[in-house]
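Open the model in your viewer and keep the selection tool ready. We will go stop by stop.

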Amino acid sequence: MNLSKSLVWFRRDLRAFDHAALHHALRCSQQVFCVFVYDTDILDGLPRDDRRLRFIHASLASLDEELRRLGGYLIVRHGSARDEVLALANELGVDAVHTCADYEPLAIARDTDVAQQLAAQGRAFHSYKDQVIFEKDEVLTLAGQPYSVFTPYKNAWLKRLAAHPETLAAYPIDAYAHAFAPPASAPALPALEDIGFESGEPPLPAGMEGAEALFEAFVEDIADYGRARDFPAEDGTSRLSTHLRFGTTSIRHLVRTARQLMLSGAGGTGASVWLSELIWRDFYAMVLSQNPHVVERSFKPAFDAVQWDIGPDADALFAAWCEGRTGYPLVDAAMVQLNTTGFMHNRLRMVTASFLTKDLGIDWRRGERYFALKLNDYELASNNGGWQWAASTGCDAQPWFRIFNPVTQSTRFDARGEFIRRYLPQLAKLDGKQVHAPWLVKPEVLAERGVVLGQDYPAPVVDHDAARRRTLERFAVVKKAVSV
């Protein structure tokens, strides 16, 4: 393939190193242009103060700076990506558009439409695997079927990687940088205000340099990851999920490093545990690719028969959950963290999702949509997979009869109440035992510590034991369906 001009369409891959589409475009073209589109088909549904736009904006500035160092530049457009990419391809007279594959159903439909319209113009559309190590049907059972349980998938994933170590090879950019179209009169990147969003500092260090700084800091403590990752009061996770979501780091780079740390022993047990978390990303991406119905329905059809609570009372409980007013401190602190920072610790994602579905009896889809609105690192496959796991409707999910006790989770994973006090300062004077279940503390003791239940902090909106019984009754329809 020898092309005169190519256009690289950046989406969730905002970096200029180890980038599949950019590498292939530079190798086969005489001149390469780069574009990112603030896609109004996505942005029109977001609040004007969305933190993710600040992260994207800062990361685009980082990407443009790096492209200019290499001899190119970034074109930024605002509008429907379908229209903008087609218009720019025509304006520049390119032979092909190159991009990295996206596995979400709406993205697939968009890319199919763009590819067809480009073909009608006599232009090619090339899509490359980049955001996962193994995609779609690359890891299958011996019977040639997709996996629905993680552990055998992980084992097959590791076996395939051992057989094909070249999968982790980086895609070099610098060696082919001579093919970049020079930035003779490139316009400045638009400000967020120009596209209708509020400006401000990104919610975490952004861009390629932000990702690498976080990764370097994490690697220093990765040996302890297997323990530290469960405790939200500790800074025991990589905080790289947002960077993986927007591609400011390379999944190949992360997996290569994790494997090197495992082989050298420098990563202790933590490196292998963290690698498993990265494999979960591939697993959920595969599940979504093979089962697009999970976007709206249960992975297991029998679970679509579960009747979730609806109506004014359910709406009031959902609002209390969203706003951190359930009366269960760990749940509420987690929701305050999400609402104020856009981040939520993975342990707390499980706790809050279980509470919404199993204690409040509310449809997992409502919680999934709320997380989609708030999470800095939101991406459909992992968010959907996590929610269906917690609700027991997904593949390899928590059994429906196993129901997290929010107080037990609190005493186990925030024993001293440090995380709770950080986000619920009204409970700061309660001691390590009292802070997990304030309703069990005598009113006069609470008053001594400046807490009036129902005024300074809410009473529980639900009794956990009663809610557990209702959940077992709710899921009885599944038990009957399975036993028939």
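A salt bridge is a side-chain nitrogen of Lys or Arg within 4 Å of a carboxyl oxygen of Asp or Glu. Helices here are DSSP runs of at least four residues, numbered from the N terminus. Keep in mind that this is a predicted model.

**Stop 1: a pair within one helix**

Select helix α3, residues 51-70. Now show the side chains of arginine 69 and glutamate 66. They form a salt bridge, and the closest N and O atoms are 2.7 Å apart. How are the two residues placed along helix α3? They are three residues apart, so about one helical turn separates them.

**Stop 2: a pair across the chain**

Select arginine 347 and aspartate 230. Here is another salt bridge, with the closest N and O atoms 3.1 Å apart. Arginine 347 sits in helix α14 (residues 346-359). Aspartate 230 is in the loop between α8 (225-228) and α9 (241-246). The pair therefore ties together parts that are 117 residues apart in sequence.

Are these two residues buried or exposed? Arginine 347 has a relative accessible area of 13%, so it is buried. Aspartate 230 has 18% relative accessibility and counts as buried too. The cut-off for buried is under 20%.

**Stop 3: a network**

Next, select Arg15, Asp18, Asp130, Arg252 and Arg256. Salt bridges with shared partners join these residues into one network. Zoom in on arginine 15 and aspartate 130. Their side chains meet in a salt bridge of 2.7 Å, N to O. This pair links distant parts of the chain, 115 residues apart. Arginine 15 is in the loop between β1 (3-10) and α1 (20-28). Aspartate 130 is in the loop between β5 (124-128) and α6 (150-163). Both arginine 15 and aspartate 130 are buried.

How many salt bridges does a search of the whole structure find? The total is 29.

Side chains of opposite charge can pair when their charged atoms come close.

**Stop 4: the sheet**

Switch to a cartoon view and color the strands. You will find an open sheet of five strands, in the order β3-β2-β1-β4-β5, with parallel pairing. Which strands are at the edges? They are β3 (74-79) and β5, and each pairs on one side only. From one strand to the next, the twist averages 30°.

Select β1 and strand β2 (residues 29-39). They pair in the parallel sense over seven bridges. Pick phenylalanine 10, then look for its bridge partner in β2: phenylalanine 36. Now look at how covered β1 is. Six of its eight residues are buried, so β1 is mostly covered.

**Stop 5: helices on the sheet**

Bring back α3. This helix packs on the sheet and touches β1, β2 and β3. The direction of α3 makes about 165° with that of β2. Then select helix α5 (residues 105-120). Helix α5 lies across β1, β2, β4 (96-100) and β5. Its direction runs at about 150° to β5.

**Stop 6: two helices together**

Select helix α12 (residues 312-323) and helix α15 (residues 364-374). They pack at an angle of about 35°, with their axes 12 Å apart. α12 passes α15 in a right-handed crossing.

Show the side chains where they meet. From α12, pick Ala314, Asp315, Phe318, Trp321 and Cys322. From α15, pick Arg366, Gly367, Tyr370 and Phe371. By class, this contact has six nonpolar, one polar and two charged residues.

**Stop 7: two single residues**

Select serine 238, in the loop between α8 and α9. Is serine 238 buried or exposed? Its relative accessibility is 11%, so serine 238 counts as buried. Leaving aside neighbours within four places in sequence, serine 238 is in contact with Leu214, Phe218 and Trp274.

Finish at valine 477, in helix α21 (residues 476-483). Valine 477 has a relative accessible area of 32%, so it is partly exposed. Not counting residues up to four places away in sequence, valine 477 touches Ala305 and Val306. Valine 477 and glutamine 307 are 170 residues apart in sequence, but 9.0 Å apart in space, C-alpha to C-alpha.

Conventions. Residues are numbered from 1 along each chain as its sequence is written. This is a predicted model: local features need pLDDT of at least 70, side-chain atom pairs count only at pLDDT 80 or more; totals for chains, interfaces and linings use all residues. Side-chain values use heavy atoms; hydrogens and water are left out. Buried means under 20% relative accessible area, exposed over 50%, partly exposed in between (1.4 Å probe, protein chains only). Two strands pair if DSSP finds at least two bridges between them. Axes are lines fitted to C-alpha atoms, for helices over the stretch in contact, and angles run from 0 to 180 degrees between N-to-C directions. Contact means heavy atoms within 4.5 Å. A crossing is left-handed if the near helix is turned anticlockwise from the far one by less than a right angle, and right-handed if clockwise. Ala, Val, Leu, Ile, Met, Phe, Trp, Tyr, Cys and Pro count as nonpolar, Asp, Glu, Lys and Arg as charged, and the others, Gly among them, as polar.
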